[in-house]
Structures are given as C-alpha cells and as structure tokens.
Amino acid sequence: MSMHARSNKYSRPRSGMPRLLALTAGLGLLTFGAGWIHAVQDRVDAPTMQAARDDRPPAQPPARPPASSPRVGTGSGTGAGTDPAGRADPAYVPAATPDGNALLEGPALPADQGLSGVSERTRARIPAESRQLVLVAGKGRGSSEGIATLYTRPDPSAAWTPLETWSARNGARGWSAEGRRSRGDLTSPEGVFSLTDAGGLLPKPPGTRLPYDQDRLYVPGGRGVNGESLAGAFDYVVAIDFNRRPGRSPLDPVKPHGEGMGGNIWLHVDHDGPSQGCVGIPKEGMRRILQVLDPAARPVIVMGPAGF
C-alpha cells in the first residue's frame with residue numbers, strides 16, 4: 001500500500017469531526033433557546049392567568065330562597081310581593097338586605113294593627129305588653145249600642161286577631177270624652193283601661209285566671225234605665241280600671257280620683273237595656289271572656305264611639 005493511500009485513509013476522520021461538533025453545538029443552542037423562550041413565556045402568562053381568575057365576579061346569593069324557607073318581612077302593604085308559589089299576593093311585600101337583594105317575604109302589618117275603627121291616638125295608648133284586648137265600639141257618641149270584640153296577638157309586632165264578637169250596650173247617653181265624665185251622667189267613659197279583677201254572684205267559670213271574687217252582694221237593686229229587670233246582670237263581672245284601685249274586688253268602694261267622676265264601671269251581663277255607665281254583653285260572652293283573659297297577657301279594654 002502506498003503512502004498516498006494511507007494518508008487518505010486517516011484524513012477522513014480528522015476532516016469530519018469539526019462538522020459533527022458544529023452540528024451538535026448548533027442543536028444545543030437551538031434547544032437552549034427554545035427552553036429560554038418557553039420559560040419567559042410562562043413568567044409572562046402566569047400573572048395574566050391569575051388576573052383572569054381574580055377578575056371573575058364572586059358568586060352571588062340567590063335573590064330569593066326556596067319556597068320552604070320561613071316567611072318574614074317588614075312590608076308596608078304596597079302589594080308588590082308574591083306568595084311562595086309565585087302568585088301575585090298584595091298582602092306580601094319583599095324584605096330587603098342592605099345591598100337591596102330581596103331575600104324573604106312576610107305579611108305586612110296593617111296600618112290599623114287589626115283594630116278597625118280605632119284612631120291612631122287611641123292605638124298609641126294600648127300598652128306594648130298587652131296581648132289580649134276587648135274592643136267596645138259604640139255606634140255613635142250619643143248611642144247606647146255597639147259591638148264588643150275579643151282580640152289577641154302573640155307579641156307587639158303582630159296584628160290583633162279577633163276571636164269572638166258580641167252585641168254590646170253602654171251608657172244610656174252614649175260616651176263621655178276622657179276627663180269629662182261626671183257621676184250620674186249616664187255615659188260610659190271612653191279610653192283604654194286595664195282589666196285586672198273579676199267577680200260575680202255565680203262561681204267562676206272553669207279556666208278563669210283573673211282574681212275572682214264570688215259574693216252574694218253582686219245583686220243589683222232597682223230597675224234599669226228603661227225600667228227593665230236587672231236580674232242576673234252581675235252574675236259575672238270584670239272590673240274596668242276607671243277610677244278604681246287595681247288588684248281589689250270589683251266591689252271595692254274607693255275612688256282614687258274622687259266621687260265626682262263616678263265609678264264601679266264594669267263589664268257585665270247585658271240586661272236588655274242601656275246602662276248607667278257600664279258595658280253589657282251576653283252571658284255566654286262574659287263566660288268566654290273570663291275563660292280567656294290571662295293576667296300574664298296584660299288584658300285591656302278599649303272603649304268608645306267608633307273611630308275614637
């Protein structure tokens with residue numbers, strides 16, 4: 001073999017090596033560049049993606065709860081609400097949270113608090129703690145006839161609910177305004193009075209919770225204003241706390257504000273005629289009232305001509 005041939009044999013590796021190294025280096029640079037670009041892109045995209053997630057609005061609570069939720073509210077009776085089934089119901093209006101979202105609905109408290117024909121001034125005099133009430137609404141200031149209704153409510157935020165109604169009689173000459181009554185004028189005093197004590201000729205009806213004074217002295221003398229018999233009128237009585245000392249028998253004779261105003265104004269059994277100042281209702285009504293009134297409910301009587 002000639003020297004020329006040997007020289008050619010060993011010259012190829014030396015001449016191919018630089019090319020291979022150059023190719024490898026080029027590929028390495030390309031790989032590094034791609035990796036660097038990807039890393040930079042990740043750093044740029046990461047805040048953008050986080051911002052996109054942060055820009056999403058928070059989940060809002062539903063505007064209204066399911067129909068099974070309790071219904072409460074503070075509506076004013078504008079007729080803007082619906083009942084839980086989605087039907088229009090003018091007695092219900094939406095209650096709102098501070099952000100204006102309607103959440104719950106409830107019955108609107110009537111403007112008259114359920115006491116139709118009673119003025120705002122008189123309603124304001126009803127004690128907040130009272131949960132039982134007898135309303136005696138006369139037909140007119142000079143009339144001796146009217147309607148008596150027994151009401152109840154669970155708490156001061158609720159409207160008064162009527163339980164029973166009866167015909168009623170009051171003073172033969174109607175009603176006297178507050179502070180205007182005088183003894184023997186045959187008027188009933190208008191106003192709001194507590195009901196604290198009861199009594200009568202007959203034993204107290206079962207369930208009576210008011211202090212009850214049974215006494216043979218509950219027998220009226222003489223006859224009524226129209227000459228009618230008064231027999232049985234005092235079988236059951238509830239003392240109306242007008243010019244009297246609460247916590248004593250209805251027969252207590254003391255009149256704290258003087259004899260000139262008169263006194264012994266009672267709710268008693270009607271004797272088919274006007275009274276000298278008391279309020280008379282049917283005997284079954286008196287039994288019912290005695291069975292319902294509870295001293296713990298702070299019962300009162302609201303009495304006067306309609307609209308007073």
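In this predicted model, the side chains of Arg121 and Glu178 meet in a salt bridge, with a nitrogen-to-oxygen distance of 3.7 Å. The pair links distant parts of the chain, since Arg121 belongs to helix H2 (residues 120–123), whereas Glu178 sits in the loop between strand S6 (175–176) and strand S7 (188–189), and 57 residues separate the two. Arg121 has a relative accessible area of 57% and is therefore classed as exposed, while Glu178, at 49% relative accessibility, counts as partly exposed.

A second salt bridge brings together the side chains of Glu129 and Arg298, at 3.6 Å from N to O. Glu129 lies in the loop between H2 and strand S3 (132–138), and Arg298 in the loop between helix H3 (283–292) and strand S13 (300–305), so this pair ties together parts of the chain that are 169 residues apart in sequence. Both partners fall in the partly exposed class, Glu129 with a relative accessible area of 42% and Arg298 with 48% relative accessibility.

Glu145 and Lys139 form another salt bridge, in which the closest N and O atoms are 3.1 Å apart. Here Glu145 is partly exposed at 35% relative accessibility, whereas Lys139, with a relative accessible area of 61%, is exposed. Returning to Arg121 and Glu178, salt bridges with shared partners join these two residues and Arg125 into one network. In total, the structure holds 15 salt bridges.

These pairs are set within a chain that has 3 helices and 13 strands. Of its 308 residues, 36% count as buried, and the accessible surface comes to about 17,600 Å², with carbon and sulfur atoms contributing 57% of that area. Contacts across the sequence can be considered as well: among those between residues at least 6 apart in sequence, 59% join residues at least 24 apart.

Rolling a probe the size of a water molecule over the atoms shows where empty space is left. A search of the whole structure finds 1 cavity of 30 Å³ or more, and the largest cavity holds about 40 Å³ of space. Which residues line the largest cavity? Its lining is made up of Ala239, Ile240, Arg244, Pro250, Asp252, Asn264, Ile265 and Trp266. Sorted by class, this lining comprises 5 nonpolar residues, 1 polar residue and 2 charged residues.

Notes. Residues are numbered from 1 along each chain as its sequence is written. This is a predicted model: local features need pLDDT of at least 70, side-chain atom pairs count only at pLDDT 80 or more; totals for chains, interfaces and linings use all residues. Side-chain values use heavy atoms; hydrogens and water are left out. On a 1 Å grid over the protein atoms alone, a cavity is a set of points where a 1.4 Å probe fits but cannot get out, and a pocket is an open set with protein on both sides within 12 Å along at least five of seven lines; lining residues have an atom within 4 Å of a point. Grid points are joined across faces, edges and corners, and a volume is the space filled by probe spheres set on the points. Ala, Val, Leu, Ile, Met, Phe, Trp, Tyr, Cys and Pro count as nonpolar, Asp, Glu, Lys and Arg as charged, and the others, Gly among them, as polar. Helices (H or I, at least four residues) and strands (E, at least two) are DSSP runs, numbered from the N terminus. Buried means under 20% relative accessible area, exposed over 50%, partly exposed in between (1.4 Å probe, protein chains only). Contact means heavy atoms within 4.5 Å. Accessible areas come from the Shrake-Rupley method with a 1.4 Å probe; for residues, only the protein chains shown count as cover. A salt bridge is a side-chain nitrogen of Lys or Arg within 4 Å of a carboxyl oxygen of Asp or Glu.
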